[in-house]
Amino acid sequence: MVVTYHRPTRAIIHRKALRENIRNEVERLPKGVELFAVVKADGYGHGAVATAQTALTAGATGFCVATLDEAIELREAGITEPILVLSVVFPSYLSLVVDYDLSITVATKDWLLEAQEVLKDLTEMTEPIKIHIKADTGMGRIGFLTPKEVQEAAAIVEASPNMVWEGLFTHFATADEADFTYWQTQASRFQAVLSTLDHLPRYVHSSNSATALWHDKEMPGNMIRYGVGMYGLNPSGHELPEPYNLQPAMELVSELIQVKKLAADEGVGYGKTYDTPKEEWIGTVPIGYADGWVRKMQGFSLLVDGEFCEIIGRVCMDQLMIRLPKEVKVGTKVTLIGKNKGQEITMQEVAEHLGTIHYEICCILSERVPRIYQE
Ligand SMILES: *Cc1c(COP(=O)(O)O)cnc(C)c1O
């Protein structure tokens, strides 16, 4: 999809917010614990490369992504720090892992055996590939299930001339919840894994943002994988209080492209789901479901001149209509997410309207919306 610059709809990314969120986190970390910035899914919609570059200036020492292509994007942009791919990369792509000097996740013994075969045939290989062994302590997604399996995997890696054991990690399923019981179950399982090994790799890591924010006294490891907190979003929604003020990095804004007075009993939008109950001022905003502002946003309100204006009628592919309290000039700023004259709409509020989490809101904002970076 082409990025649409010639339209007033923009996602504004505040680099200062990204930096301060990282700095605040780095300051809390015990000495020797590193912060890897998680920039998967195009930096949660904030732009992976720009976010990574900003994170570097604030103290991040490495990066995590979800896929091989995301890692390659960072390398192509000139990022030279360690990059860990968190999900499984098929062994058939290992030549790319070598070429781009990436660290990858290993979750099964079969993968290791297959990878050994592939690596034997890679003649151009110079450095061994860097392996992070994933222990599944209760997320039930990917990883080795028992300490014995982890031990066995580590032995295979260490015996392979083409592999180096660089990391060991796990992932918590409930670190963002007020009830710590299951987090503790997972933490003790990870401790059991650690205690059965006679030595540990360079990186041991277990913390996503929520673990770093709310379990920082007990989190095992010497690196954290800091994602959503960097973008200024509270991982728990608002269930748990932030230990420091997280500053939202993204604003979503547009402008009114038409303003008109409709008579009473006029229809607005496809399906005529809205009829003006009386004479009303209606504004049109150039953003729609193709931008990731989905149809279910009907009924939510946007900010114009510090006033909440309801989205009336169905959200179209490229436009939507709002009810204005009075006549407003074409070109007036509309805030969909962010602050506007003393009022604010948060990503969390958008998520609540849709019955989802803010992670999903920033990820579904489509490529059509330009990301504009500000200090
Ligand atoms: C996405 C992800 C993270 C980052 O999670 P946040 O909640 O955004 O901090 C960390 N670790 C793994 C394995 C992930 O998939």
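Welcome! The model you are looking at is predicted.

Q: Into which domains is the protein chain divided, and how many Å separate their centres?
A: The protein chain has a domain 1, covering 15-231, and a domain 2, covering 250-345. Taken over C-alpha atoms, the centres of domain 1 and domain 2 are separated by 42 Å.

Q: Which modified residue does UniProt list for Lys40?
A: Let's start with where Lys40 sits: helix H2, which spans residues 40-44. For Lys40, the unreviewed UniProt entry lists "modified residue: N6-(pyridoxal phosphate)lysine".

Q: Why is Lys40 called partly exposed?
A: Buried means under 20% relative accessible area and exposed means over 50%, with partly exposed in between. Lys40 is called partly exposed because its relative accessible area is 28%.

Q: Which residues does Lys40 touch, not counting residues up to four places away in sequence?
A: A contact here needs heavy atoms within 4.5 Å. Leaving out residues up to four places away in sequence, Lys40 touches Cys64, Val65, Ala66 and Glu70.

Q: Which residues have the most contacts inside the largest nonpolar core?
A: In soluble globular proteins, nonpolar side chains tend to be buried together. Here the largest nonpolar core has 113 residues, and those with the most contacts inside it are Val39, Ile133, Trp293 and Ile322. This core takes at least three residues from each of domain 1 (15-231) and domain 2 (250-345).

Q: How many residues does the other core have?
A: Another core lies apart from the largest one. Including Tyr274, Ile282, Ile312 and Met321, its residues number 7.

Conventions
Residues are numbered from 1 along each chain as its sequence is written. This is a predicted model: local features need pLDDT of at least 70, side-chain atom pairs count only at pLDDT 80 or more; totals for chains, interfaces and linings use all residues. Side-chain values use heavy atoms; hydrogens and water are left out. UniProt positions are given in the numbering used here, feature names are shortened, and annotations may be inferred rather than shown by experiment. Helices (H or I, at least four residues) and strands (E, at least two) are DSSP runs, numbered from the N terminus. Buried means under 20% relative accessible area, exposed over 50%, partly exposed in between (1.4 Å probe, protein chains only). Domain bounds come from an automatic or database domain assignment. A nonpolar core is a set of buried Ala, Val, Leu, Ile, Met, Phe, Trp, Tyr and Cys residues joined through side-chain atoms within 4.5 Å.
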